[in-house]
Amino acid sequence: MKSLRLIKVIASSLFVASLLALNPIGASAEWKSDPRGWWYTEGSSWATGWRLINSKWYYFDSKGYMAKDTTIDGYYLNESGAWTELTTSGNFKFDKSTGTIVEYTGSDSSVVIPNKIDGTEVKRIRFTSTSTCKNLTSITIPDSTTGIESIVCMNCSNLTHVDIPSSVKRIDPFAFNGCSNLKSITIPDGVTSINTASFSGCSSLKSLTIPNSVKTINTKAFAGCSSLESITIPNSVTSMGNDVFQECTNLKSITIPDSVTSIATYQNMPNGIGINPFYDCTKATFYVKSQALKQILINSGVSASKITISA
């Protein structure tokens, strides 16, 4: 069935290609990028849908941005955006070209990630929809599995626990976004950044220890973690982004060290809701050690009455 669908995709793309050949758009096509992603220009326009480029298939959304690390029409697009044939080994669907586990197909609620699949070292875990991890409540990655560089379990709504191995040095954007039942997670020493919306929507997460290796906590990293009650920012952190603890409605205590010299400032938006790193953290008391940091917090939208300067 998939072969038939791919034939249709190829046929339609060849038809588009023939039209482009008959009706050239102008300048030669080329790749371009901005902070949001990559697109492929076609003269004065840009590619959308499926495109065969340099013998590789890519998919571009309606705005022209390339899809990657996801499945479109039943076909997996790897971290470079190229369509890749997956290997099925046991209960895993695996991209051997990048060492990425894409899907767990078994029925067990707990899974142990292997070191290798079919002789290829596992380097990445990319569960990006409920269907790719619908049965999982726990993921264990043994210390012996040393090649893991990144892990994403986005929208794994039944997941309650995961141990991140020490080989991981960053928490990727949206890594655990939407994992609404995640109650505990271990972030290893060595992680240097917690990226955009990494834990956004983890509404069951009650406690979290940020290791002393983290330097930046980016936009919406913990937004919507409504069960989180206290957090201590380690001395290694220097900056915190917009909406970083937005709607952490049960957050009662947050300790911020003097090493933090940059916190996103409050901004009024046209809809009347300001961009505030601590929006709706109405129960929180902020503990700092200097007047300078207190002022940084005030600039970010925190009321002075909520800030305590401790010895």
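This is a predicted model: local features need pLDDT of at least 70, side-chain atom pairs count only at pLDDT 80 or more; totals for chains, interfaces and linings use all residues.

Biologist: What does the secondary structure of the protein come to?

Modeller: The count is two helices and 27 strands. The protein has 311 residues, and 44% of them count as buried. Of the contacts with a separation of 6 or more, 37% are between residues 24 or more positions apart.

Biologist: What lines the largest pocket?

Modeller: Its lining has 16 residues, and Lys68, Asp69, Arg126, Pro173 and Phe174 lie nearest the centre. Strands β14 and β16 each supply at least two residues of that lining. The volume is about 560 Å³.

Biologist: Why is the pair of arginine 126 and aspartate 172 called a salt bridge?

Modeller: The cut-off is 4 Å between a side-chain nitrogen of Lys or Arg and a carboxyl oxygen of Asp or Glu. Here the closest N and O atoms are 2.9 Å apart, so the pair qualifies. In general, side chains of opposite charge can pair when their charged atoms come close.

Biologist: Where in the chain do these two partners sit?

Modeller: Arginine 126 is in strand β14, and aspartate 172 is in the loop between β18 and β19. They are 46 residues apart, and the pair links distant parts of the chain. Both arginine 126 and aspartate 172 are buried.

Biologist: How do you know that aspartate 172 is buried?

Modeller: Buried means under 20% relative accessible area. Aspartate 172 has 4%, so the label holds. Aspartate 172 also meets arginine 170 in a salt bridge, at 2.7 Å from N to O. Arginine 170 has a relative accessible area of 40%, so it counts as partly exposed, the class between 20% and 50%.

Biologist: What do salt bridges that share partners join into one network?

Modeller: The members are Asp69, Glu79, Arg124, Arg126, Arg170 and Asp172. The structure holds eight salt bridges. One of them joins arginine 124 and glutamate 79, with the closest N and O atoms 3.6 Å apart. That pair also links distant parts of the chain: arginine 124 is in strand β14, glutamate 79 is in the loop between β7 and β8, and 45 residues separate them.

Biologist: What makes a set of residues a nonpolar core?

Modeller: The members are buried residues of the nonpolar kinds Ala, Val, Leu, Ile, Met, Phe, Trp, Tyr and Cys, joined through side-chain atoms within 4.5 Å. The largest such core has 63 residues, and Phe176, Phe245 and Phe278 touch the most other members. Suppliers of at least two residues each include β9, β10, β14, β16, β26 and α2. Phenylalanine 278, leaving aside neighbours within four places in sequence, is in contact with residues including Met240, Phe245, Ile254, Phe286 and Leu297.

Biologist: Why does leucine 77 count as buried?

Modeller: Its relative accessibility is 0%, and the limit is under 20%, so it is buried. Leucine 77 is in strand β7. Its contacts beyond four places in sequence include Trp50, Trp57, Tyr59 and Trp83. Leucine 77 and tryptophan 57 are 20 residues apart in sequence, with C-alpha atoms 8.7 Å apart.

Biologist: What is the phi of aspartate 118?

Modeller: About 50°, positive although aspartate 118 is not a glycine. Aspartate 118 is in the loop between β12 and β13. Its relative accessibility is 45%, so it is partly exposed too.

Terms used. Residues are numbered from 1 along each chain as its sequence is written. Side-chain values use heavy atoms; hydrogens and water are left out. Helices (H or I, at least four residues) and strands (E, at least two) are DSSP runs, numbered from the N terminus. Buried means under 20% relative accessible area, exposed over 50%, partly exposed in between (1.4 Å probe, protein chains only). Contact means heavy atoms within 4.5 Å. On a 1 Å grid over the protein atoms alone, a cavity is a set of points where a 1.4 Å probe fits but cannot get out, and a pocket is an open set with protein on both sides within 12 Å along at least five of seven lines; lining residues have an atom within 4 Å of a point. Grid points are joined across faces, edges and corners, and a volume is the space filled by probe spheres set on the points.
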